[in-house]
Amino acid sequence: MSSDPVTLAAVEIGSSKVAAIVAEYTGYGFTIKGWGECQSQGVRKGCVIDYPAVTQCTQQALENAKRATGGSSGVPVEQIDKVFLAQTGGHLDGFYNEGARIVSAADNMVSAEDIAEVRRLAKAKELPEGRMLLERLRHPFRLDGRLIKSSPEHLCGRRLEVGYWMVHGDESRISDSYHMISNSQIEVAEMVLSGLASGRVVTSQAEREHGVLVIDIGGGTSDYALYRDGLPYVAGAVAVGGGHLSNDLTIGLRLSTGQGDRVKLRHGRAIVQCRDKAQKVWLDGDLAIGDRQLPLLSIEKILEARVREIFEVVKHKLGTAFSPETCAAGVVLTGGTSKLPAIAEAAAAVFNTPVHIGQVSDGFPEPLQDPGFHTALGLLQLGIEKQRAREAAERSQRPGFLRRLFARPSRH
Amino acid sequence: MDFETTRQPPFPDDAANPEARVEPAGSAPDPARAAASASSSLSELPPVLLKLVGVGGAGVNIATRLSAEALAGLPLAVVDCDAQKLADSSVAEKCLLGEKQRRGLSAGGDAELGRQAAEASREKIAAVGGGADLVFVVTGLGGGTGSAAAPMVAAEAAKAGGLVIGFAVLPFSFEGGRRVKQADAALVALRRVCDAVIVLPNDLLLQESAEGASALAAFEQADAWIARAVRAIWGLLHNTGLINLDFAALQRAFEYRGSKTVFGLAGGAEATSAVGGEGREGTAGAAQALLASLPLCPLLHMPEGARRADRLLVVFTGGRDALSLSLVNTVVQALGERFGRAAELIVGATIDESMGERVELCFIGTSDIGHASRRRFGEGRAGRATAAGGTEGAGGAGRTAAARSGETHAAEAAAATVAPTQFQSGAESTDARRKPAPPPPADPFSPLSKAGSAGVFPSAIHGFGKSSARAAAASATTAQDEFGFSESTERGYFQDTDNNLFEGQDLDVPTYRRKGIKITV
């Protein structure tokens, strides 16, 4: 594995921008080679509405990233071997399914067969027509009601249970985004939920053990992932994001789309702070024709209502899975909209837990520490983990050490 | 003022007391009511009084057609300037407008002449429209008399405390710009004074009718549709249902004055074969046929954007065998999904033996978004009843007030103080329903911008429910919209994308708007 490095790219096609990170994977770890982004066109609420425009943006972002790789090592990467693709959008949906089995052995010791069977049962639920499974999140095993965080093999008990949170999406939409990449002769190796991707990099293992909720509020969608006992527990997406904040301002204050966005960035706040009804801010501030004054209170009220609602919808979607008690590490916010002032307070008011803005490890290059790149970074990590797990599974199925040694060269 | 009177006698079983409802045409209705309410026995409680007033040429035609059907308890009246037209009508109660001005001639399609005639005969109009609990004002807009007098009839009826439902036939576009313009202006005026206006654009009939069909045939078709609609509402009040609905349910549906209204009829003739004939299709087939025929109703003025209704009143009428509960269930569920599950569903079902194998569906959807609470009080009614019935009047007024109390909270105080003064000022008295005083009728949208509503589109005031009552009370009158018109345009950037429904709400519509938060620009 270590002999031939693979060039990977993590691509997130978002509603506001397409982000791509190119990295080299040697089998042990990965080195980030370059990154690029491109303003997104033809994506609304995480879904592709203009296929050619999005394809062009995606190619552009990848091209930018490839070119940037030349900056550090001198020679730009020529070929991207595999792509990890993030998935989001309002079409995503999830459900929980459980399987249970009476432990077969007479001495009540759980065997590998029991585990395989109970997993098979829990996964067996069929999807509705036209839906495609994206992710299965396995919840911890339970043996006679006892929570088993690792494998229950060789433990004793009568009844073994396991549950899966299954995330599925609209088949045509997923294949749309898949072909966006595969049409340019690059293999899409993994598809990962955006929420899980950003959740992976902005939380620590300890936080995930204690229970943490990550909400990535992007341009068109808000992706969320709830972790409990170190594992992702529930994940999904709400098709509301920063674009809705701008749109609300646009409609409420009668602005053009671009103006709404600018007002949000310049004067936006997630909690009303302004007490003075008469306090005004300038639309552009350049005293040009068409510039006018807007009441700050109105801006803040519009944004507060929307931001609060996003959190309320997420909380509602999580249902009983979330409670402040089981989410000791609180809520972590990321994504472009998490830069909105006072958004953490707004979230804290809804979730009743401590909230902080997500940050990634200092080890990453500084531009990648921007919340806008968190998903792509997590995508890279998670994609590689998934690949490793897949390879490990393949390896374990292949017979004999020696034969594997001999078989290897033929793979390349 | 009988605000305190909250006694709310149960509504009478209509079938049990049919005679009490039939009023001798032309007589003032109050003595009848007073006499009826003098007794405390259940069967003699004051009945719900209905009345249908046909205004102008088209209105007279439709009323005449309905008079042939002899709907018990639905007295008819016709109002026109044209003496000849009135003379031809078989309706008993006739009201000739502007005898001096028009000398029995029609308004000749000139709304100004119609207005003068109507103004001159305001007292007559008040006598025609007043006194009923539910008044249908049927008219064809675009002409002279209908355009000018219909809003006045509606206003007088509303002033007297009645629930007013307007049926307006809009002219064909080939009838020319002037008529269309007059019709539009009149429609705005009518919407301002009616609890609901159901519109039937003649153009739709043109598309529907066969190639060679004459204009006359199309006009007749329009008449027939309105007759069906009136019959459906009449049936709802008059027949005791399997799942019964009464006047209170209707009032509930029109709780907020000027709400957007959507009205549809389905079934009847078109669906007959599928409902009755094809036994193998069974209930599911019947339900499907009903739902399929619903969009064909020309009264159903429902642009694609209409997504949500706050209240849905669904009434089924059918033969004993045809009307099954599973059919009701399937159809109501489909309608509920179509208009959002949050909608408050009021379902009624009536067995009508004469329907045989047929099932007819009538549904009325209203949406509160951004409209003032419908009622203040039955001041007009209270005054009238007291004058007419002495002590009994309090009971009658109490019923009106009670039935409508609880709907106005923020508006109560305002109405109580504004109303008395305005009631004395004749022509302006209708304005008491909406406080503060309304704008000049010429520009229905101007008050919105004056009041600083934050919508991009003039028709939009934000929020619904009680907060909207407040917002709308402050922003004065609201012209009633085509159902769903503003909703389709308030998604802005997300206009062309899929619905983003969550718990019955479209998340693409600004939150502040859905929650009724007032924004100043």
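Chain B contains 22 helices and 12 strands, and buried residues make up 55% of its 521 residues. Chain A has 11 helices and 19 strands, with 46% of its 412 residues buried. Both chains belong to a predicted model.

**Chains and their contact**

- In chain B, residues 24 or more positions apart account for 78% of the contacts with a separation of 6 or more.
- In chain A, 69% of the contacts between residues at least 6 apart in sequence join residues at least 24 apart.
- Chain B contributes 18 residues to the contact between the chains, and chain A contributes 23 residues.
- On the side of chain B that touches chain A, 11 residues are nonpolar, five are polar and two are charged.

- Helix H8 of chain B spans residues 145-159 and has 15 residues.
- From first C-alpha to last, H8(B) reaches 21 Å, close to the 21 Å expected at 1.5 Å a residue.
- H8(B) is mostly covered, with 15 of its 15 residues buried.
- After H8(B) comes B:Gly161, which has a positive phi near 100°.
- Two packed helices are described by the angle between their axes and the distance between the axes.
- The axes of helix H3 (residues 56-67) of chain B and H8(B) come within 7 Å and cross at roughly 70°.
- Angles of 65 to 115 degrees count as roughly perpendicular, and H3(B) and H8(B) are therefore roughly perpendicular to each other.
- On the H3(B) side, the contact is made by B:Gly56, B:Gly57, B:Ala58 and B:Gly59; on the H8(B) side, by B:Thr145, B:Gly146, B:Ala149 and B:Ala150.
- By class, this contact of H3(B) with H8(B) comprises three nonpolar residues, five polar residues and no charged residues.

**Helix H6 of chain B**

- Helix H6 of chain B covers residues 111-120, and its buried residues are B:Ala111, B:Leu113, B:Gly114, B:Gln116, B:Ala117 and B:Ala118.

**Setting of B:Cys297**

- B:Cys297 lies in the loop between helix H14 (282-293) and strand E8 (311-318) of chain B.
- A residue counts as buried if 20 or more other C-beta atoms lie within 10 Å of its own; B:Cys297 is therefore buried, with 24 other C-beta atoms within 10 Å.
- Leaving aside residues up to four places away in sequence, B:Cys297 touches B:Gly264, B:Leu265 and B:Ala266.
- B:Phe263 is 34 residues from B:Cys297 along the chain, and their C-alpha atoms are separated by 8.9 Å.

**A five-stranded sheet in chain A**

- Strands of a sheet pair through backbone hydrogen bonds, either parallel or antiparallel.
- Five strands of chain A form an open sheet with mixed pairing, in the order E15-E14-E13-E18-E19.
- Its edge strands are E15 (231-238) and E19 (355-357) of chain A, each of which pairs on one side only.
- Neighbouring strands of this sheet are turned against each other by 20° on average, direction ignored.
- Helix H4 (residues 194-202) of chain A packs on the sheet and touches E13, E14 (222-228), E15 and E18 of chain A.
- The direction of H4(A) makes about 60° with that of E14(A).
- Strand E13 (residues 212-217) of chain A runs parallel to strand E18 (residues 331-334) of chain A, and four bridges join them.
- Within this pair, A:Leu213 stands opposite A:Val331 in E18(A).

Methods: Residues numbered from 1 in each chain as written. Chains lettered and ligands numbered in written order. Predicted model: local features only at pLDDT ≥ 70, side-chain atom pairs only at ≥ 80, totals over all residues. Helix = DSSP H or I, 4+ residues; strand = E, 2+ residues; numbered from the N terminus. Expected span 1.5 Å × (residues − 1). Buried ≥ 20, exposed ≤ 12 C-beta atoms within 10 Å, placed from the backbone. Contact = placed C-beta atoms within 7 Å. Nonpolar A, V, L, I, M, F, W, Y, C, P; charged D, E, K, R; others polar. Pairing = 2+ DSSP bridges. Axes fitted to C-alpha atoms, helices over the stretch in contact; angles between N-to-C directions. Parallel < 35°, antiparallel > 145°, perpendicular 65-115°, else oblique.
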